[in-house]
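I opened a new notebook page for this chain.

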Amino acid sequence: RVSGVVGVVVVGLEWIFSLDPPPDHLLQGLWTNVRAPCRALVIDLTSDISPGLRFLEESKVWLWPETRILLVGPKANKETVLLHHSLRNTLHGLYFSLDPLTKQRPLARPEKTDVSPSNRGGVSIGVYRRCVYCDEGEAGVQFLYSWTLHSNTLKNHLLF
């Protein structure tokens, strides 16, 4: 953020990898923006993890272990992604799992219906981090927090 201006770079991974070969200058130019400690690389893996993992491999993210990487996708993929070899030196890798909450049927008497945030449906969010040496000296995945979109957000929690 410089003088009140926020810089954002959005890259369509499917488009990049549809080009043959992918443009190296785009991948190299990206690193001039995300290596600063106040920036992060955010990768959406909600529909398919393959382009995101390929992007991490081809951009050689392991060469910059201090890069903050935020990954968003289904809970089932958290370990596959966080333990992927392209993140082998990554010190600041977070995975935000997005899982739908099940809606519960209202009780027969409407005045007794539980309308707490957890019973309204919506999305449950879990935050996991890549731990470099937590599994007997090997990389592992640690659960950090969870909340729903209807509950309070993470206040006063340091993610990195």
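**Entry 1: a cut-off, then S97.** I call a residue buried when its relative accessible area is under 20%. I then looked up S97, which sits in strand β3, residues 92–100. Is S97 buried or exposed? Its relative accessible area is 1%, so S97 is buried. Next I listed what S97 touches, leaving aside neighbours within four places in sequence. The contacts are G73, P74, K75, S124, I125, G126 and Y128.

**Entry 2: confidence.** I note that this is a predicted model. The mean pLDDT of the protein chain is 75, and 64% of the residues reach at least 70. Which element scores lowest, and which highest? Helix α2, residues 24–34, has the lowest mean pLDDT, at 61. Helix α4, residues 78–82, has the highest, at 96. I flagged residues 104–119, where pLDDT stays under 50. For that stretch the model has 11 contacts beyond four places in sequence. Where pLDDT is low, the predicted coordinates should not be read in detail. I leave the stretch 104–119, with its pLDDT under 50, at that.

**Entry 3: the whole chain.** I counted 4 helices and 5 strands in the protein chain. From the N terminus, the order of elements is α-α-β-α-β-α-β-β-β. Of the 160 residues, 33% count as buried. The accessible surface is about 10,200 Å², and carbon and sulfur atoms hold 54% of that. I also checked contacts with a separation of 6 or more: 61% of them link residues 24 or more positions apart.

**Entry 4: strand pairs.** Strands of a sheet pair through backbone hydrogen bonds, either parallel or antiparallel. I went through two pairs here. Strands β3 and β4 run antiparallel, joined by 7 bridges. In this region F96 stands opposite V127 of β4. Strand β4, residues 123–135, also runs antiparallel to β5, with 9 bridges between them. S124 has T148 in β5 as its bridge partner. S124 was already on my list of S97 contacts. The hairpin of β4 and β5 has 2 residues between the strands. There I found E136 with a positive phi near 50°.

**Entry 5: L144.** My last stop was L144, in strand β5. How accessible is L144? At 26% relative accessibility, L144 counts as partly exposed. Its contacts, again leaving aside neighbours within four places in sequence, are L94, V127, Y128 and R129. V127 is the residue I had found opposite F96. L144 and R129 are 15 residues apart along the chain, and their C-alpha atoms are separated by 6.9 Å.

Definitions and conventions: Residues numbered from 1 in each chain as written. Predicted model: local features only at pLDDT ≥ 70, side-chain atom pairs only at ≥ 80, totals over all residues. Heavy atoms only, no water. Buried < 20%, exposed > 50% of the residue type's maximum accessible area, 1.4 Å probe, protein only. Contact = heavy atoms within 4.5 Å. Areas by Shrake-Rupley, 256 points an atom, 1.4 Å probe, with all protein chains shown as cover. pLDDT = per-residue confidence, 0-100. Pairing = 2+ DSSP bridges.
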